[in-house]
Amino acid sequence: MTVQPASFEIDSSERAALVAFLARKSGNLILADDIAQDAIVRLVEFQQREKVRNARGLLFKIAVNLLINHQRRESRMVAGLVDDFADDFVDEQPSQERAALDSDRLQQFRRALETLPPLRREVLIRRRLENQSYQEIGQALSLSAAAVEKHVVRALASLRAYQDKHMIEGERPW
């Protein structure tokens, strides 16, 4: 294979083919033209330092790499902008529909809690809502830790049975 001289010239048809190729890849003719120009400059600079066997292939490879680098920079910039301004556009308040649904579910949950025997309800509230340990609950209510655990298990089973009995449109109420 012969080595092309360092003075490889890019004629207008070669440049047009490169721009067309880059425009197809990027969807942007102006960007394609800029990248093609940059790729040609880099090829000429490289040819001044090194011998190049396939200048056309290297030119297209340089152009593709420049396009990839440009697209990476663009995506990082867009992601950064989204992160910077996301808080300005995100409404942290639930929608009215969501608020109404949550209110209904909370009422259903309260009704379900009211069906539990008072001691079982107290144990469940202390364990799940107040995050007390079995030992703490047992000491406060004069129960063993094992008895507290059984009350929690039975309370959860009762709540699950209540959910199954009061399905709303095929879904559990909470």
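This is a predicted model: local features need pLDDT of at least 70, side-chain atom pairs count only at pLDDT 80 or more; totals for chains, interfaces and linings use all residues.
**Notebook: helices, loops and charged pairs**

I began at Ser 142, which I find in the loop between α6 and α7 (145–165). Helices here are DSSP runs of H or I with at least four residues, strands are E runs with at least two, and both are numbered from the N terminus.

I number residues from 1 along each chain as its sequence is written, and side-chain values rest on heavy atoms, with hydrogens and water left out.

**Entry 1: positive phi**

I looked up the backbone of Ser 142 and read a phi near 60 degrees, a positive value in a residue other than glycine. I noted for reference that most residues other than glycine have a negative phi. Ser 142 has a relative accessibility of 67% and therefore counts as exposed. The cut-offs are under 20% relative accessible area for buried, over 50% for exposed, and partly exposed in between, with a 1.4 Å probe and protein chains only.

I then turned to Asn 131, whose phi is also positive and near 60 degrees. Asn 131 is placed in the loop between α5 (118–129) and α6. Its relative accessibility is 62%, so I list Asn 131 as exposed.

**Entry 2: confidence**

How does the pLDDT of the protein average out? I read a mean of 85, with 85% of the residues scoring at least 70. The pLDDT is the predictor's confidence in each residue, on a scale from 0 to 100.

Confidence is highest in helix α6 (residues 134–141), at a mean of 95, and lowest in helix α3 (residues 55–89), at 81. Over residues 1–6 the pLDDT is below 50, and beyond near neighbours in sequence this stretch has 10 contacts in the model. A contact means heavy atoms within 4.5 Å.

**Entry 3: overall make-up**

I count seven helices and zero strands, which gives the pattern α-α-α-α-α-α-α along the sequence. Of the 174 residues, 24% count as buried. The accessible surface comes to about 12500 Å², and 51% of this belongs to carbon and sulfur atoms. These areas come from the Shrake-Rupley method with a 1.4 Å probe, and for residues only the protein chains shown count as cover. Among contacts between residues at least 6 apart in sequence, 58% join residues at least 24 apart.

**Entry 4: salt bridges**

How many salt bridges does the rule give? The count comes to five, where the rule asks for a side-chain nitrogen of Lys or Arg within 4 Å of a carboxyl oxygen of Asp or Glu.

Arg 56 bridges to Glu 14, and the closest N and O atoms are 2.3 Å apart. Arg 56 belongs to helix α3 and Glu 14 to helix α1 (residues 12–26), so this pair ties together parts that are 42 residues apart in sequence. Arg 56 is partly exposed at a relative accessible area of 40%, whereas Glu 14 is buried at 16%.

Asp 102 forms a salt bridge with Arg 98, with the closest N and O atoms 2.9 Å apart. Both lie in helix α4 (residues 96–114); because they are four residues apart, about one helical turn separates them. Asp 102 is partly exposed at 34% relative accessible area, and Arg 98 is partly exposed at 39%.

Glu 122 pairs with Arg 126 in a salt bridge whose closest N and O atoms are 2.6 Å apart. The two residues are four apart in helix α5, which means a separation of about one helical turn. Glu 122 is partly exposed at 32% relative accessible area, but Arg 126 is buried at 18%.

**Entry 5: a charge over a ring**

I found the charged end of Arg 127 over the ring of Tyr 134, at 4.7 Å from its centre. The criterion is NZ of Lys or CZ of Arg within 6 Å of the ring centre and within 35 degrees of the ring normal.

**Entry 6: Ile 62**

Which residues does Ile 62 contact, leaving aside neighbours within four places in sequence? I read Ala 39, Arg 42 and Leu 43. Ile 62 lies in helix α3 and is buried, with 15% relative accessibility. From C-alpha to C-alpha, Ile 62 and Ala 36 are 9.0 Å apart in space and 26 residues apart in sequence.
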